[in-house]
Amino acid sequence: VGKEIKKLIELCQIMAEALPEYEKKLPKKELPNFMVKLISYLDSSAKMMIPDLGIVMQTDTTYSEELLGLKFKSAKDCIIENAKSVIRLGLI
């Protein structure tokens, strides 16, 4: 698996494909950074997102896979399983 980088909108697309009955609840477009900053003046919860805007969060599982002798699931499989878990727990 190694490195996999997914934008939030890509996560939503993966979930929409796997769980079409929830597609309408998922975002379909990415909000531009300047809009998030503008909204943060009105909504204090959006202020917490400001420091993360423009940052690409990347992980590389190669070292831990070699060290532990195992293979992690793909990002796509993990996203789908997490979405199903949230639904099963009644959080959505």
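**A friendly first look at the helices, pocket and salt bridges**

1. Let's start with Ile39, which counts as partly exposed at 33% relative accessibility. On this scale a residue is buried under 20% relative accessible area and exposed over 50%, with partly exposed in between (1.4 Å probe, protein chains only). Ile39 belongs to helix 2, and touches Leu31 and Ala46 when residues up to four places away in sequence are not counted. Contact here means heavy atoms within 4.5 Å.

2. A word on the model itself. It is predicted, and local features need pLDDT of at least 70, side-chain atom pairs count only at pLDDT 80 or more, while totals for chains, interfaces and linings use all residues. Residues are numbered from 1 along each chain as its sequence is written, and side-chain values use heavy atoms, with hydrogens and water left out. Helices (H or I, at least four residues) and strands (E, at least two) are DSSP runs, numbered from the N terminus.

3. Next, helix 1. Its buried residues are Ile9, Cys12, Ile14 and Ala16, and these pack against helix 5, residues 75–88. Pro27 sits in the loop between helix 1 (8–18) and helix 2 (33–40), and is partly exposed, with a relative accessible area of 45%. From Pro27 to Val86 there are 59 residues in sequence and 17 Å in space, C-alpha to C-alpha.

4. How many salt bridges are there? The count comes to two, where a salt bridge is a side-chain nitrogen of Lys or Arg within 4 Å of a carboxyl oxygen of Asp or Glu. Side chains of opposite charge can pair when their charged atoms come close. One of the bridges joins Glu30 and Lys7, with the closest N and O atoms 3.7 Å apart. Because Glu30 lies in the loop between helix 1 and helix 2 and Lys7 in the segment before helix 1, the pair ties together parts 23 residues apart in sequence. Lys7 is partly exposed at 49% relative accessibility.

5. The side chains of Glu65 and Lys71 also meet in a salt bridge, at 3.6 Å from N to O. Are these two partners buried or exposed? Glu65 counts as buried at 8% relative accessibility, whereas Lys71 is exposed with a relative accessible area of 66%.

6. The lining has 21 residues, and the closest to the pocket centre are Lys7, Leu8, Glu30, Asp52 and Leu53. Helix 1 and helix 2 are the elements that give two or more residues to this lining. A pocket is found on a 1 Å grid over the protein atoms alone, as an open set of points where a 1.4 Å probe fits, with protein on both sides within 12 Å along at least five of seven lines; lining residues have an atom within 4 Å of a point.

7. Last, Asp43. This residue lies in the loop between helix 2 and helix 3 (44–47) and is partly exposed, with a relative accessible area of 35%. Asp43 and Arg88 are 45 residues apart in sequence and 30 Å apart in space, C-alpha to C-alpha.
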